[in-house]
Amino acid sequence: MPRQLSAARGLGDRIFRVQLTASGVTVLAIMAAVGLFLLLRAGQALRTRGVWDFLTTAEWQPDVHRFGIAAVLTGTLLIAAVAVTISVPLALGTALFISDIAPRPLRRTLVSMVDLMAAVPSVVYGLWGLFFLQQHVIGLSRWLSDWFGWIPFLHVDGTQPGEPLASQSVYTASTFVAGIVVALMVAPIQCSVMREVFAQAPAGEREGAYALGATRWGMIRSVVLPYGMGGIIGGTMLGLGRALGETIAVYLIISPVFNIQPHILQTGSNSVSSLIALHYGDASTFGMSALMAAGLALFLLTLAVNFTASSIVARSRSGAQSEA
């Protein structure tokens, strides 16, 4: 019969365990308190409108009891989708370059630059996107619309392919512009997470891949990427969570519309967070309850994204094995 082994925990270990448990419980309690607060404040609006009508109505007129988040929720998801589509390849390539290709002196400089980008306030990104990026991305938006306008979400109403005199105003304040700005905001966070995981790939497996004749890309493909899959997924979902809740940058760039607008290159978009920022100052008591209901929907959406990411990361092979 095998002997049961047990290790006696010292005082320091017990204190550390209690502190970790208390920290976890505190975080969960704060999240539950935030959700309960939003639910209580949103109760009046949800009882008046009904949950289904609230989710399927596009217009926003809470004072006459006609309001819903169908339009703003669609805009939120589209902006986040554009941001993640742009930011993930950028963050992944930068993380791989820093961890496996860049010389060591340059590596420290690049890490500092990426971390500095993550610390820039969102209002700075918003102003940059409004006054600089927007006017320089119109050409790209027009080209995408001319050549790929047959794809529904890249179509722009009121324009014809190759029309030289088409107004540029139809391409401004769009989901595409807001998505690019948000992508540049979330890419440093994603890059930092991915870089830290890639750097922990076992040196023995890297050297083994080289010993078997693998090129640098072969080593990255067979060792670093499988090992860092959890970091890639976790960084992506962390960036997606921030993209869903970004407020100031999106608020400065978009032209708010309250209809479902699936064309990402066309002017006019909206998001839940910018809706709250736009109407918070002049909202009536009932309007404030409606805004809290919108905030509750965003809160639940972010929780769903984070729980999904945790589930995927827990089932990934990151840190366990590689293909080398």
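Residues are numbered from 1 along each chain as its sequence is written, and side-chain values use heavy atoms, with hydrogens and water left out. Because this is a predicted model, local features need pLDDT of at least 70 and side-chain atom pairs count only at pLDDT 80 or more, while totals for chains, interfaces and linings use all residues.

**View 1. Helix α8 spans residues 216-227.**
Helices here are DSSP runs (H or I, at least four residues), numbered from the N terminus. The twelve residues of α8 reach 15 Å from first C-alpha to last, close to the expected 16 Å; the expected span is 1.5 Å times one less than the number of residues. Nine of those twelve residues are buried, so α8 is largely enclosed by the rest of the structure. Buried means under 20% relative accessible area (1.4 Å probe, protein chains only). Among the buried residues are Gly218, Ile220, Leu225 and Tyr227. Look around them for their packing partners: α3 (70-101), α6 (175-199), α7 (203-211) and α9 (229-245).

**View 2. Helices α7 and α8 pack together.**
Two packed helices are described by the angle between their axes and the distance between the axes. For α7 and α8 the angle is about 135° and the axes are 9 Å apart. Axes are lines fitted to C-alpha atoms over the stretch in contact, and angles run from 0 to 180 degrees between N-to-C directions. The two helices are therefore oblique to each other; angles under 35 degrees count as roughly parallel, over 145 as roughly antiparallel, 65 to 115 as roughly perpendicular and the rest as oblique. On the α7 side, Glu205, Arg206, Ala209 and Tyr210 make the contact, meeting Arg216, Met219, Ser222, Val223 and Val224 of α8. Contact means heavy atoms within 4.5 Å.

**View 3. Serine 122 sits in helix α5 (residues 122-148).**
With 19% relative accessibility, serine 122 counts as buried. Which residues does serine 122 touch, not counting residues up to four places away in sequence? They are Met185, Arg242, Glu246, Ile248 and Ala249.

**View 4. Alanine 95 belongs to helix α3.**
Alanine 95 has 0% relative accessibility, so this residue counts as buried. Leaving aside neighbours within four places in sequence, alanine 95 is in contact with Cys191, Met194, Arg195 and Phe198.

Key. Buried < 20%, exposed > 50% of the residue type's maximum accessible area, 1.4 Å probe, protein only.
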